[in-house]
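This briefing sets out selected features of the structure shown below, grouped by topic. Please read each group alongside the sequence and the coordinates.

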Amino acid sequence: MGQLVESAGGYRFIPGVSQYSGGVASTDGHAIVRVQLEQPLPLKTGMDRAAQIMKAAGRPLTAFCACELRSPAPFTEQGFKDFNSEYVAILEDWGVIRGGVNPVARSNVCPKIDPPKVPGLYAFCYTVEASEAPASFVVSGSGEAPEGKTNYRDHAIRLGDISPTAIKEKANWVLGEMERRLAALSGRWADTTAVQVYTVHDISPLMETEFAGRGILPRGIIWHYNRPPVVDLEFEMDCRRIHREAVA
């Protein structure tokens with residue numbers, strides 16, 4: 001990962017791709033807070049709600065630093081690009097994206113059971129002023145394929161293979177990517193307050209091997225029965241260190 005870049009909203013970020021960064025960390029004098037909506041709202045409605053909450057907290061739109069999205073089903077490659085254009089346009093309008101650089105961390109996953117009818121906002125994070133606050137960070141979600149390529153299919157780990165061995169290999173690749181992003185944010189698994197896994201495949205065989213072996217289990221894992229956002233990806237994770245969370 002490259003050197004962290006300062007944003008205009010009280011956080012630094014790992015440079016990533018046009019639709020999201022690799023992760024964000026609060027700067028001195030700031031803390032990241034997380035707000036989960038009572039239910040996912042359609043993208044524009046949800047982002048308007050996020051703007052209202054930040055305004056009520058006395059924060060500018062540029063304080064918006066991370067979001068968790070929910071979509072009806074995995075996108076095709078082109079469908080994902082089209083959705084990202086809509087999402088990025090909102091951040092550009094807010095002044096969050098400057099010079100084509102997107103500082104916001106993101107996960108976008110697809111519930112297998114009771115999915116939303118349209119893509120929407122599930123939760124978001126923003127910075128607040130906080131003297132002597134402990135460090136906080138959010139690592140963007142990653143599936144089992146490198147980002148920034150022309151497509152996912154040609155680079156995905158064990159594409160089309162959902163055998164237990166393949167799921168283990170996919171998980172290990174994603175775990176490695178999480179660790180690379182954590183290191184860039186000066187974090188470790190032991191620093192996290194939440195680790196989220198998104199897959200419809202059984203992760204119990206990984207608990208005592210891959211997860212326990214990396215020291216993830218003491219704080220637990222949140223398993224969402226969701227798919228990654230692109231067709232044929234099977235395993236995604238994100239993680240965070242946040243000391244203030246709310247439901248709105």
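Thr127 is a residue of strand E7. The model discussed here is a predicted one.

- Thr127 has a relative accessibility of 0%; because the cut-off for a buried residue is under 20%, Thr127 counts as buried.
- A polar atom of the Thr127 side chain is placed 2.4 Å from the backbone oxygen of Gly9.
- Leaving aside residues up to four places away in sequence, Thr127 touches Gly9, Gly10, Tyr11, His30, Ala31, Ile32, Arg59, Ala63 and Cys65.

- The model contains an open sheet of 6 strands with mixed pairing, in the order E11-E6-E5-E7-E4-E13.
- Its edges are formed by strand E11 (226-227) and strand E13 (245-247), each of which pairs on one side only.
- Strand E6 (residues 105-111) pairs with E11 in the antiparallel sense, over 2 bridges, and Pro111 stands opposite Asn226 in E11.
- Helix H1 (residues 43-56) packs on this sheet, where it touches strand E4 (30-42), strand E5 (64-70) and strand E7 (120-129).
- The direction of H1 makes about 140 degrees with that of E4.
- Helix H2 (residues 77-94) lies across E5 and E6, and runs at about 140 degrees to E6.

**Gly120 in strand E7**

- Gly120 also lies in strand E7.
- Is Gly120 buried or exposed? With a relative accessible area of 3%, Gly120 is buried.
- Residues up to four places away in sequence being left out, the contacts of Gly120 are Leu41, Pro42, Leu43, Glu68, Leu69 and Arg70.
- Gly79 is 41 residues from Gly120 along the chain, and the C-alpha atoms of the two are separated by 15 Å.

**Strand E8 and its partners**

- Strand E8 (residues 137-142) is mostly covered, with 6 of its 6 residues buried.
- Strand E3 (residues 23-26) and E8 run antiparallel and are joined by 3 bridges; Val24 stands opposite Val138 in E8.
- E8 is also joined to E12, by 4 bridges and in an antiparallel arrangement.
- As background, the strands of a sheet pair through backbone hydrogen bonds, in either a parallel or an antiparallel manner.

**Helix H4**

- Which residues of helix H4 (residues 204-213) are buried? They are Leu206, Glu210 and Phe211.
- These residues cover an arc of only 85 degrees around the axis, which puts them on the same side of H4.
- In general, an α-helix has 3.6 residues a turn, so residues three or four places apart point the same way.
- The buried residues of H4 pack against helix H3 (164-184), strand E9 (194-198) and strand E12 (236-241).
- Glu208 and Gly213 are exposed, and are carried on the face of H4 turned away from its buried side.

Terms used. Residues numbered from 1 in each chain as written. Predicted model: local features only at pLDDT ≥ 70, side-chain atom pairs only at ≥ 80, totals over all residues. Heavy atoms only, no water. Buried < 20%, exposed > 50% of the residue type's maximum accessible area, 1.4 Å probe, protein only. Arc of directions from axis to C-beta. Contact = heavy atoms within 4.5 Å. Pairing = 2+ DSSP bridges. Axes fitted to C-alpha atoms, helices over the stretch in contact; angles between N-to-C directions. Polar contact = N/O pair within 3.5 Å; in protein donor to acceptor, adjacent residues only side chain to side chain.
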